[in-house]
Each structure stands twice: as C-alpha cells, then as structure tokens.
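Please examine the model shown here before reading the explanation that accompanies it.

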Amino acid sequence: MFVSSAARAEPTSNATIPWAQLPVGYHPATDTDEGGIWMIGERAEAEVRTSPLVIKDPALNAYLRRIVCKLSGPYCDSIRIYVVDIPYVNARMAPNGMLQVWTGLLLRAQNEAEISFVLGHEISHYLLRHTVAQYRRVRDQAGTIAVIGALTAGIGSLAKLGLAGSASSFSREEEREADQRGFELATAAGYDPAQCVALWQQELAEETAAPKDGEFAAFAANHPATTERVSTMTAMANVAAAQRANWQTNADAFRKAVQPFRAQWVSENIALAQYEQSLLVLQLLLKSEPKSGELQYYLAEVYRRRNADGDSAKALAAYAAAVTTRGAPPAVYRGLGLASLKAGDKAAAHTAFQKYLAAVPAADDRAMIEYYLSQP
Amino acid sequence: MLANADSLKSESTLQWSSPQKRIVLIEPDVELGELTAGGVVEPRADWSNHAAHAIETSLGSALSKRGVDVKTIAALTDPHELQLARLHAVVGMEILIHQMGFSKLPTKTTALDWTLGPGTNDFRTKYGADYAMFVYLRDSYSSGTRKALMFLGMANGGSQGAFASLVDLRTGNIIWFKQRFTPGGGDLRTGAGADEFTADLLTDFPQ
C-alpha cells in the first residue's frame with residue numbers, strides 16, 4: 001500500500017540454493033530501504049568488530065567458518081562470523097551478513113551437528129532477506145495506522161497493539177521458514193537430523209527452571225524455544241533420518257575446538273547467579289563427561305554459591321569427589337576448605353587451604369586464606 | 001524557521017604548537033533518513049554518505065579560509081579512532097542533556113569542563129595536529145505521504161539535530177562545543193544545504 005521511496009526490481013536468487021532471495025555477493029542499492037537497513041547493519045558491525053567481547057582466537061573462528069561454508073556454499077564469503085562472549089544461548093544474523101554466535105550456545109552444544117542447525121537457521125534468515133521483510137512490515141503498518149488514524153480517529157490505538165507484537169521479532173512464519181530451510185541446509189551438508197532439537201530442549205528446560213521475573217526469563221521471552229518448534233523439528237528429523245546411513249555429528253572436532261574455552265565459559269555462566277539453570281548446564285555437560293574433575297569442581301561451586309537449604313552438604317560432597325578426579329583445577333582445594341569450614345571441620349579445612357596455597361603460591365586471595373588459617 | 005543554536009567554549013583563541021596550525025577533521029557521524037507516514041525513520045545510505053562527504057568538504061574549506069590546515073580522516077577503520085568517535089558521540093549527548101538540557105548537573109554550570117581523555121595524544125603524534133573536530137548529525141526528511149498528513153495537521157515534519165566539538169589533542173579536553181537543533185533545517189541532501197549548515201555551525205568558533 002505505502003511504497004518506499006524507490007520501487008526497484010527485487011534481486012533474483014542463485015541456482016545453487018534455489019530458494020535464496022539474493023544472489024551471491026549481493027549488496028542493495030544505496031537509495032533503497034534495504035540499502036538503508038544494510039547501512040545500519042554496517043554501523044553495528046563496526047562496533048561489534050572492535051568490541052572487547054568478541055573472541056578473536058583464530059582456531060575457533062576457522063572452525064566455525066568451516067561449518068558456515070559447508071552450510072552456505074558460495075554465500076560463505078558474504079557472511080562474517082563474530083564469536084561474542086556472552087553467556088546466553090543466542091545466534092543472530094544481521095541483514096548485511098554479520099553473524100553473531102554467543103558463547104552460551106557454544107558451551108551447551110554437544111557436537112558440531114547441534115550448532116549446524118542453529119547456524120543453518122540464521123543463514124536462512126540472511127538468504128531469505130527476512131530483516132527487510134520485517135522492517136517493511138513495521139514501516140507499512142505504522143503508515144497504515146497513521147493514515148487510518150487521520151481519517152477515523154480512535155481505531156489507531158487498537159492497531160498499535162498489533163504493531164507492538166510484530167515490531168520486535170521475526171514473524172512465526174519467518175521463524176518456521178528459517179527452521180525448515182536451516183534444517184535442509186544442515187542435512188544437505190550431512191549433519192545428523194537427530195541432533196536438531198537438543199539445544200532447544202535444553203533451552204526449554206532452563207526456561208522452566210528459571211525464576212519467572214529473573215533476567216534469564218526476560219531474555220528467553222525474546223527467543224522462544226516453544227514446544228511447537230521442538231515437535232515440528234522432531235517430525236522433520238524422523239522423516240529425514242532414513243535418507244542416509246552415515247549422518248555426521250563431528251563430536252570430537254567440536255570438543256577439540258571449544259575445550260580451551262570451557263572453563264572460562266562455565267565460570268561466566270556461574271557468575272550470572274542463575275543457579276537453577278547453571279545446574280542444568282552442568283548436568284548436561286557431565287552427562288557426556290562424568291569423569292571430568294573440572295566439571296565436578298564447578299558443580300560444587302554452584303551449590304556453594306547458591307547456598308540454599310541442603311546445598312552446603314551437596315557442595316562438600318561435590319568438592320570431595322572433584323578432588324579425587326582428574327582435571328580439577330587447584331581452586332578445588334580452596335572450595336573444599338570453605339565447605340569444610342561451613343561444616344565445622346576446621347582440621348580438614350586447614351589441610352585443604354594449605355594444599356591450595358601450595359598449589360597456587362601467587363593466589364590473589366592468599367591474604368584471605370591465610371586469615372582463615374590463622375583462626376584457631 | 002526558528003533555529004536553536006547554542007555553544008560553549010573554554011578557550012576563545014586556539015593555541016598552536018607549530019606554525020602549521022593543523023586540525024584533524026574526523027569523519028562526521030551522519031545518518032539521514034526518510035520520515036515515513038507512520039513516523040518510522042527509514043535510514044538512507046545514499047543520503048547519509050552524500051551528506052557526510054558534503055559536510056566534510058564544506059567544513060574543510062571553511063576552516064581553510066580561517067588559515068587552518070585541515071586533515072580529513074574519512075572512513076575510520078583504526079579501532080582506537082573508531083572508539084574515540086563513539087566516545088565523542090556519548091560525551092556530546094551528555095553535554096546536551098546534563099549541561100545544556102533538561103537534566104543539568106550542579107557541577108556543570110557555566111564552564112565547559114569535559115574531556116575525551118589523554119589518549120587523544122596518540123592522534124597528535126600520528127597526524128601532527130593540535131586539535132580534532134568531531135561532528136554528529138541525525139536528520140530526517142518527510143516522505144510524500146508524510147507531507148500529506150502534515151497538510152492535514154496530523155503529523156509533524158522531519159527534524160535536524162547536530163552537535164560538534166573541537167578537542168585539544170594535547171589534553172583531550174573539549175574546548176568548544178556547539179549544538180544545533182533545527183525543526184526543518186537546511187536540506188543536507190544538497191551541496192548548498194551543507195554550506196548553510198557549516199556556516200551556522202562555525203559561528204562562535206574559536207579564533
């Protein structure tokens with residue numbers, strides 16, 4: 001109804017991915033609404049590029065780029081990946097090809113196939129030019145409201161309610177389309193369809209556990225992992241499963257790529273002080289690595305910090321288990337010391353603290369630990 | 001057209017460390033958009049790019065006429081420079097709100113006492129300049145449908161808001177700050193509009 005300032009022919013698709021709404025290397029004309037949106041995307045990208053939250057590690061970036069290229073083929077060079085160190089599950093594609101992957105997602109994924117479905121989904125938003133469609137919808141609805149409001153005062157406010165619902169996110173149809181096409185890209189690249197819902201199921205579990213008015217709940221509201229999406233994708237997976245005998249998960253390659261960051265990302269997750277969801281995350285990780293002293297240590301940390309009824313006993317037990325398991329960091333002795341103090345076992349606490357200081361002579365909390373040791 | 005122009009300065013004359021008298025002109029932070037019928041401002045890449053270049057050119061020649069050697073830094077890519085430009089945008093907003101605007105701070109009354117920090121000294125050595133000038137502009141122009149609504153009295157038109165600073169690179173202090181909010185304003189999609197904008201911006205500029 002209300003046409004933008006320049007009515008141009010829409011770009012044509014590319015034969016390699018026949019449903020793509022733009023050719024390889026696409027850039028919109030600068031006098032179009034899409035050109036304006038890309039400009040905003042480019043400005044945002046200039047900020048992201050210099051953000052201290054972006055992880056620039058070459059190996060991790062090269063690993064993710066390989067996956068994006070497997071999924072997007074000739075469009076790979078149009079997409080730039082930014083690993084952003086934020087401990088929430090998120091991946092977001094800007095209209096100009098800037099792809100953000102948040103580390104909360106990489107922490108929870110168990111293999112390469114799981115993230116391939118998420119990346120395929122985001123790549124599909126780019127290939128289908130959903131952001132332009134979304135923007136035009138907002139602009140045209142606002143225009144419709146203004147004109148209707150001018151002609152017949154009173155109806156405008158009801159329409160505004162409808163506008164508020166669609167303004168902030170892609171429509172359900174667009175999300176469904178991105179799920180579908182993303183699934184096609186991932187399975188075409190050989191990724192195991194059975195892995196397509198694991199991350200959504202984890203997110204659903206965490207949303208259920210999160211306090212209703214907490215920060216996590218507010219975030220999850222903008223990124224709905226609905227049961228409807230899970231059942232739709234499960235159905236797709238069941239149909240696709242029989243199509244191949246040798247689906248890939250690439251769990252080893254994935255683990256190798258993220259292992260150097262795991263301790264850091266787990267710590268950042270715990271630092272959110274959303275302990276119910278931290279427990280779910282650690283339980284998920286421990287399922288595939290039950291003998292990880294590092295994970296057992298962090299599990300103990302969650303119990304100690306949450307400090308709800310019965311947690312101090314759980315923390316003590318978890319530290320004690322971690323101490324005897326390979327891979328626990330030296331801080332496990334500090335944790336054991338603190339938990340023992342809480343339980344009233346001063347002798348065990350002192351032994352543990354001394355082991356901690358012996359293992360970490362330059363500890364920045366040495367003064368605090370020495371204070372504990374000085375108490376009779 | 002009513003124009004609301006206001007400036008603050010802590011120096012009325014410029015102090016140069018060399019006879020070259022160089023000012024670095026940082027690429028103006030400019031966004032022009034079309035104000036559509038429903039009030040959504042649609043950003044326009046072509047208008048924005050054109051206006052940024054036009055303002056750069058116009059400012060460069062106006063400053064040269066004052067005997068200043070202008071070095072323009074367009075298309076910022078250096079992360080430190082990008083951050084400085086963003087810092088200026090933030091500090092400029094703070095000056096607008098907390099010294100010139102509705103939420104005045106008791107510590108920011110008549111004197112202009114703001115700084116981008118001593119990190120600016122790196123630019124002094126890099127470009128051999130004593131001062132840097134930053135410009136920030138947001139502007140919108142009504143679409144055809146919007147103009148129809150304006151005629152019916154059901155909408156207001158686009159507006160132009162800008163601020164600019166002159167920073168002493170030796171200290172990082174903002175020594176001159178100018179704000180300019182003009183309902184309507186000149187048309188920055190044209191070259192003549194840029195010259196009018198620049199002339200108005202540079203009134204009260206230090207000697």
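This is a predicted model: local features need pLDDT of at least 70, side-chain atom pairs count only at pLDDT 80 or more; totals for chains, interfaces and linings use all residues.

Residues are numbered from 1 along each chain as its sequence is written, with chains lettered from A and ligands numbered from 1 in the order in which they are written. The model scores ipTM 0.77 and pTM 0.82.

A nonpolar core is a set of buried Ala, Val, Leu, Ile, Met, Phe, Trp, Tyr and Cys residues joined through C-beta atoms within 7 Å. A residue is buried if 20 or more other C-beta atoms lie within 10 Å of its own, exposed if 12 or fewer, and partly exposed in between, with C-beta atoms placed from the backbone. The largest such core has 74 residues, and Ile123(A) and Tyr319(A) have the most contacts inside it. Apart from it lies another core, of 43 residues, including Val68(B) and Phe134(B).

In chain B, helix 2 covers residues 79-100; helices are DSSP runs (H or I, at least four residues), and strands are DSSP runs (E, at least two), numbered from the N terminus. The buried residues of helix 2 of chain B are Leu84(B), Ala85(B), His88(B), Val91(B), Gly92(B), Ile95(B) and Gln99(B). Seen down the axis of helix 2 of chain B, these residues line one face because they fall within an arc of 130°, taken from the directions from the helix axis to the C-beta atoms.

Definitions and conventions. The expected span of a helix is 1.5 Å times one less than its number of residues.
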